Amino acid sequence: MYFTARSAFNTNAALQYITEGTVITNPFGTFTGIDEIRTGVIEDSINENVQFTVQNPQVDGERVNFNTQVYVNGQATDLVTGQAVVQNGKIVAMTLEYIE
């Protein structure tokens with residue numbers, strides 16, 4: 001749902017899955033908390049017209065492993081692998097890396 005909200009360019013909906021203690025690490029850096037994630041992750045991708053399609057999510061307790069196809073201006077660009085820890089419906093931590 002987090003990536004669905006981001007792909008719909010809906011910042012507020014995406015932030016519903018984030019807490020003040022959430023840490024997201026992606027190829028561009030590490031972002032902690034609502035304000036850093038809003039500006040450095042969500043709004044940045046909206047400004048760049050980036051969307052996502054999650055593929056093959058595998059849930060093991062609180063851990064979710066997945067791949068994500070990244071689209072820029074509607075064109076598939078990169079494939080990313082991700083791991084997230086989710087507690088009470090909120091992302092506690094997420095790491096994203098490009099698949100080479």
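This note goes through a predicted model of a protein point by point, from the overall fold to single residues.

1. **Overall fold.** The secondary structure of this predicted model comes to 3 helices and 6 strands.

2. **Size and shape.** A compact globule with 100 residues would have a radius of gyration near 13 Å, and because the protein has 12 Å, its value agrees with that expectation. Taken along the principal axes, the C-alpha atoms fill a box of roughly 35 × 25 × 20 Å.

3. **Burial and surface.** Of the 100 residues of the protein, 33% count as buried. The protein exposes about 5800 Å² of surface, and carbon and sulfur atoms supply 47% of that area.

4. **Contacts along the chain.** If we consider contacts between residues at least 6 apart in sequence, then 34% of them join residues at least 24 apart.

5. **Charges.** The protein carries 4 positive and 11 negative side chains, and the centres of these two sets lie 8 Å apart.

6. Asp35, at 51% relative accessibility, counts as exposed.

7. **Ser45, also in helix α3.** Is Ser45 buried or exposed? The residue has its place in helix α3, which covers residues 33-47, and with a relative accessible area of 7% Ser45 is buried. Not counting residues up to four places away in sequence, Ser45 touches Arg6 and Val50.

8. **Asn10 and Thr11.** Asn10 lies in the loop between α1 (2-7) and α2 (11-15), whereas Thr11 lies in helix α2. Asn10 counts as partly exposed at 36% relative accessibility, while Thr11 is buried, with a relative accessible area of 15%.

9. **Two distances across the model.** Asn10 and Gln87 are 77 residues apart in sequence, and their C-alpha atoms are 22 Å apart in space. Thr11 and Thr68 are 57 residues apart along the chain, and a distance of 19 Å separates their C-alpha atoms.

10. **Two asparagines with positive phi.** Phi of Asn49 is near 60°, a positive value in a residue other than glycine, and phi of Asn56 is near 55°, which is again a positive value in a residue other than glycine. Where in the chain are these residues found? Asn49 is found in the loop between α3 and β3 (50-60), whereas Asn56 is found in strand β3. Asn49 counts as partly exposed at 27% relative accessibility, and Asn56, at 54%, counts as exposed.

11. **Thr77 in strand β5.** Thr77 lies in strand β5, which covers residues 75-87, and at 41% relative accessibility Thr77 counts as partly exposed. Leaving aside its neighbours within four places in sequence, Thr77 is in contact with Gln69, Val70, Tyr71 and Val72. Thr77 can also be placed relative to Val50: the two are 27 residues apart in sequence, and their C-alpha atoms are 9.7 Å apart in space. Val50 is also one of the residues touched by Ser45.

Terms used. Residues numbered from 1 in each chain as written. Predicted model: local features only at pLDDT ≥ 70, side-chain atom pairs only at ≥ 80, totals over all residues. Heavy atoms only, no water. Helix = DSSP H or I, 4+ residues; strand = E, 2+ residues; numbered from the N terminus. Rg over C-alpha atoms; globule rule 2.2 N^0.38 Å. Buried < 20%, exposed > 50% of the residue type's maximum accessible area, 1.4 Å probe, protein only. Contact = heavy atoms within 4.5 Å. Areas by Shrake-Rupley, 256 points an atom, 1.4 Å probe, with all protein chains shown as cover. Lys, Arg positive; Asp, Glu negative; His and termini not counted. Charge placed at Lys NZ, Arg CZ, Asp CG, Glu CD.
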